[in-house]
Amino acid sequence: MPLERTACTHCGHWHLYFAGQQPPGCLVCSDVRNALPPDGWDFATVERVGGLVRNTWKEYMPGVWGVSCDPPFGLGATGWLIERPDGNVAFEAAPFYHPDALEFIQSRGGIATLSCSHPHGMGALWQLQERFRPAVVIHTDGVKFTKAFRVTWPADDVHELAPGLTLHHVGGHYEGHSVLYDASRKALFAGDALKIDFHPDGRPRAISCHKGYHYQIPLSHGELRRYRRVFAELPFEHAFTPFEYAAGVTREHALALFDRLLSGPPTAEPVSLEVL
């Protein structure tokens, strides 16, 4: 029986399953870290998703492009393209890529290496793999979510994707959750290790961290200590998540957040940058 890829319309995660049959459920939505779809399972084919969304792209800082879907699909993640003279790196993925978006990425030099933080950022990684044939680096604990594409290099705790561009395993939010540090730009692609809230004018207002955002499940003190230990070695001045870019959110803000949370009962509530 042939197989086909379909996307959960609730979270956007792509599944590989028998053609013409609906998967029994979405392994991402079924997890406690995500909400269940209120109207039951609905999986969309490639053709259906392509008819629902278009792509937009924007350069957020020199050499860092974000590709998104309009309107948002699933969780609405952004795929980041990091331009480098020795081969571009993509981190996270948009939920879907139309041919014009793939041509745009090609025009910027394509993709040599592809990675992501955790399932909420995987999006349509399979499309990028099919088009550009990059090395695909995913932490070993995240491989179980990758049925729709093929991991070519399972990563351990620290993995250098390119000189000065390093993947660091932090766990916490997901067992295989990893962050990407760009030393040359002093930028941290934090996955869901940080959640950033903004003022109406677009300035970062507050940050938080959590094991489960939808149900406001906090991290344990042990998980926070691991976050702190990894972040302390990464002097960043800009933060990217699968959903946000926050100029001026720094390592010092993150460490102050972790210290604050370690001083009392666990919480997933946002903390104002002004008090950190």
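This tour moves through the structure by selections, from a surface patch to the cores and the cysteines.

The model is predicted, so local features are described only at pLDDT of at least 70 and side-chain atom pairs only at pLDDT 80 or more, while totals for chains, interfaces and linings use all residues. Residues are numbered from 1 along each chain as its sequence is written, and side-chain values use heavy atoms, with hydrogens and water left out.

**Stop 1: a surface patch.** Select Met1, Leu3 and Phe18, which together make a nonpolar surface patch of about 340 Å². Such a patch joins nonpolar side chains (Val, Leu, Ile, Met, Phe, Trp, Tyr) within 5 Å, taken from residues with over 30% relative accessible area and no salt bridge; a salt bridge is a side-chain nitrogen of Lys or Arg within 4 Å of a carboxyl oxygen of Asp or Glu. Areas come from the Shrake-Rupley method with a 1.4 Å probe, and for residues only the protein chains shown count as cover. Phe18 belongs to strand 2, residues 14-18; strands are DSSP runs of E with at least two residues, helices are runs of H or I with at least four, and both are numbered from the N terminus. Phe18 is partly exposed at a relative accessible area of 36%, a class lying between buried (under 20%) and exposed (over 50%).

**Stop 2: Asp70.** Next, select Asp70 in strand 5, residues 64-70. Asp70 is partly exposed, with a relative accessible area of 46%. Beyond residues up to four places away in sequence, Asp70 touches Val53, Arg54 and Thr56, where contact means heavy atoms within 4.5 Å.

**Stop 3: the cores.** Select Tyr97 and Leu128, which touch the most other members of the largest nonpolar core, a set of 41 residues. Strand 5 returns here as one of the elements that each supply at least two residues of this core, among them also helix 2 (99-107) and helix 3 (125-132). A core consists of buried Ala, Val, Leu, Ile, Met, Phe, Trp, Tyr and Cys residues joined through side-chain atoms within 4.5 Å. A second, separate core has 27 residues, including Ala190, Leu194, Phe231 and Ala239.

**Stop 4: the cysteines.** Finally, select Cys8 and Cys29. The structure contains zero disulfides, a disulfide being a pair of cysteine sulfur atoms within 2.5 Å. The sulfur of Cys8 has its closest cysteine sulfur in Cys29, 3.7 Å away, too far for a bond. Cys8 is buried at 1% relative accessibility.

Definitions and conventions:
Patches are made of residues with over 30% relative accessible area and no salt bridge: like charges are joined within 9 Å, nonpolar side chains (Val, Leu, Ile, Met, Phe, Trp, Tyr) within 5 Å. Buried means under 20% relative accessible area, exposed over 50%, partly exposed in between (1.4 Å probe, protein chains only).
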